Amino acid sequence: MAEKKTIRPQDDLYEYVNGDFIKKAKIPSDHPSVGGFITLRDNVEKIMLKEFASFAKGRRAPDELLERAVLLYKKAIDAEERKSNGYAPLIQKLSYLDSIKTIEDLVGSLYYLYDHNYPLPFQLGIDTDMKDTSRHVVMMTSPSIILPDTTYYKNPTGKKLLEIYAESANSVLSKIYDENKAKRIVRDGLAFDRKISALVKSQEEWADYIKAYNPYKTEDVIEMVSPFKLRSFLKARFGALPAQVIIMDPRFFESFQTLVNKDTIKFYVAWAKLHVAMSMASYLDEETRLAVSAYSRALSGVKDSPTIEKFAYRLVNNFYGEPIGIYYGKKYFGEDAKTDVIKIVKDLIETYKERLGKNTWLSKKTREKAIVKLDKMVLKIGYPDKVDPSYYALTFSPDLSLAEIVDTLIIERGRYADSLYSKPVDRTRWVMDAHLVNACYNPSYNDITFPAAILQAPFYSLSQKPEENYGGIGTVIGHEISHAFDNNGAQMDEFGNINNWWTKKDYETFQQKTTAMIEQFDGLPLLDGKVNGKLVVSENIADNGGVASSLQTMERNIAKPDYSAFFLNFARIWCTKARPEYTKLLLAIDVHSPCYYRADMQVRNFPQFYKAFDIKEGDGMYMPEDKRIIIW
């Protein structure tokens, strides 16, 4: 019998805290991972699945929007009704694309295609103006690609995934067209997707989101997407011709006419059919839903599709997430916890001010601007006081099939969003639902959101030691505050506007520290991949600031803090066991570092960690002092 290996926190904190769980835990067959955030999300989902099962059996929903959500849920779990509708909804949706034969047909169909939820060779809509966050602006970007990142198109994994995607798509389209035509649609659609993939940004490029703000004169954009008659389209959709359009992916639009011209129409139509078929297929019969999930399951290594109940609940969340979250928050979230967490948030903001006041590498002018940003930061804790008006626009007829209802809701959501173009931005809007186990910083609003669902153990509990709460929710809160000063947030002012509030010298120093953070993580090995330091730098800056600010807040409030409890719980919140395919996927597209390194790398930067576990040179967790980084 092999001797049991004892892991010390001095050599591997993450393994010391989470090793037993990772060895013993079994990943559910419909999950890509288990542990940490996922376990808490599962617990919330179990609660809400019971709620919806009860509503579906006749218990009265508390309000109009929950009634709509329950009706949609009942349509989704009714496998017999979905089967009886067959492929008719998809056939009807595809029939319009069959009428597009020439470039003139496509140009003349622009408004109808956009308004009726068909994929276009570009994406268009409105968003908050990053230079003036009080107003909306028209934005355009490239279409989504099938594989999760441009890098996948260059490796064997991507080739295998496209084969699975093609097989799934063919199984759907062959129910509508003859076998040869179905294969041609798949072949031509994938060829168009590959052309798109050669023109669009990678996930690493998208991570620098300030570079997505590129104002172009509308007349120049009209010329770029010729032969589309964008002028008449914009006037019809938004009531007036905007003076400018924000282009998020300039490289794509500079090459747009090589993608869409009279010789490529059949490829565009095939690509559009491919996307329509794969997006609607899950809402047809159960057999088709399970069949088309093969691609997404292969992407993350998941063995089984979600149960029909989970499928229905997640679909409903996609459209009525905020009202569902408010219901959850009111019923399951304690006001005592909310009061305590608000106190922790305010304490952490005060800590940030203290740290900025003592900062040695920023000038007084820049420090004062940073403090103003903290003073203006808005806190959103628990759940919203009221539902965003957009949800009342999401109406549908119960006589429609599930596929038609989903299509209708997407269309109505798009129309409502576009109607806001001439209206001021509503800064009270929440960007996360209350039943999400997550948190976020919204750079355009300069606000931080902590949904009710994340405020539970191990992140937070009134029954945990205060040091554990600081190592859990404290570091998460500090993380979100730190996003105001990461490589992206640092370029935006207290109102969320892109605005240079730094002195030249201060910003150069900050960029040097950012580069050091990139280098600290870049190339760290995981399975047969490596961490991309540029992709994850903003989140690493936030993690670093989160630990620093939470540690100092704890030290201010506790006379003799238990540092080991802080760091042990910090490692605990990142506990995750994931399938290899999912780990590789996250390495390619996730702006967060792998959970293992979020725990094990960040703590090495802090002297309190070395003190807590008496770490010395030669220990596995030791990092030379000249390599340690604390930015904020």
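Predicted model: local features only at pLDDT ≥ 70, side-chain atom pairs only at ≥ 80, totals over all residues.
At what angle do helix α8 and helix α9 pack, and how far apart are their axes?

1. **Helices α8 and α9.** Two packed helices are described by the angle between their axes and the distance between the axes. Helix α8 (residues 156-173) packs against helix α9 (residues 179-197) at an angle of about 140°, and the two axes are 9 Å apart. Since angles over 145 degrees count as roughly antiparallel, this angle makes α8 oblique to α9. The crossing of α8 past α9 is right-handed.

2. **The contact between α8 and α9.** On the α8 side, the contact is made by Leu 162, Tyr 165, Ala 166, Ala 169, Asn 170 and Leu 173. Helix α9 contributes Glu 179, Ala 182, Lys 183, Ile 185, Val 186, Leu 190 and Arg 194. By class, the residues of this contact comprise 9 nonpolar, 1 polar and 3 charged.

3. **Helices α24 and α25.** The axes of helix α24 (residues 537-557) and helix α25 (residues 563-573) cross at roughly 150° and come within 12 Å. That angle makes α24 roughly antiparallel to α25. Here, too, the crossing is right-handed. Val 547, Ser 550, Leu 551, Met 554 and Glu 555 of α24 meet Tyr 563, Phe 566, Phe 567 and Phe 570 of α25. The contact has 7 nonpolar, 1 polar and 1 charged residues.

4. **An open sheet.** Four strands form an open sheet in the order β2-β3-β5-β4, with mixed pairing. Strands β2 (123-129) and β4 (215-217) stand at the edges; each has a single partner strand, so one side of each is left without a neighbour in the sheet. On average, neighbouring strands of this sheet are turned by 45° against each other, direction ignored. Strand β3 (residues 132-141) pairs with strand β5 (residues 244-247) in the parallel sense over 2 bridges, and Met 139 stands opposite Ile 246 in β5. Helix α12 (residues 230-238) lies across β2 and β3, running at about 55° to β2.

5. **Strand β8.** Is strand β8 buried or exposed? Of its 5 residues (447-451), 5 are buried, so the strand is largely enclosed by the rest of the structure. In a regular strand the side chains alternate between the two faces of the sheet. In β8, Asp 447, Thr 449 and Pro 451 on one side are buried, as are Ile 448 and Phe 450 on the other.

6. **Partners of β8.** Strand β6 (residues 378-382) pairs with β8 in the parallel sense over 5 bridges, with Gly 382 opposite Pro 451. Strand β7 (residues 440-442) pairs with β8 in the antiparallel sense over 3 bridges, with Cys 440 opposite Thr 449. The hairpin of β7 and β8 has 4 residues between the strands, and Asn 446 takes a positive phi near 50° there.

7. **Cis peptide bonds.** Ser 226 and Pro 227 are joined by a cis peptide bond with omega of about 20°; Pro 227 is found in the loop between α11 (218-224) and α12. The peptide bond from Ala 457 to Pro 458 is also cis, with omega near 5°. Pro 458 lies in the loop between β8 and α22 (466-482).

8. **Positive phi in loops.** Asn 117 is not a glycine, yet has a positive phi of about 65°. This residue lies in the loop between α7 (110-115) and β2 and counts as partly exposed, at 29% relative accessibility. Leu 527, likewise not a glycine, has a positive phi of about 50°. Leu 527 lies in the loop between β9 (525-526) and β10 (529-530) and is exposed, with a relative accessible area of 55%.

How values were computed. Residues numbered from 1 in each chain as written. Heavy atoms only, no water. Axes fitted to C-alpha atoms, helices over the stretch in contact; angles between N-to-C directions. Parallel < 35°, antiparallel > 145°, perpendicular 65-115°, else oblique. Left-handed = near helix turned anticlockwise from the far one by under 90°. Contact = heavy atoms within 4.5 Å. Nonpolar A, V, L, I, M, F, W, Y, C, P; charged D, E, K, R; others polar. Pairing = 2+ DSSP bridges. Buried < 20%, exposed > 50% of the residue type's maximum accessible area, 1.4 Å probe, protein only.
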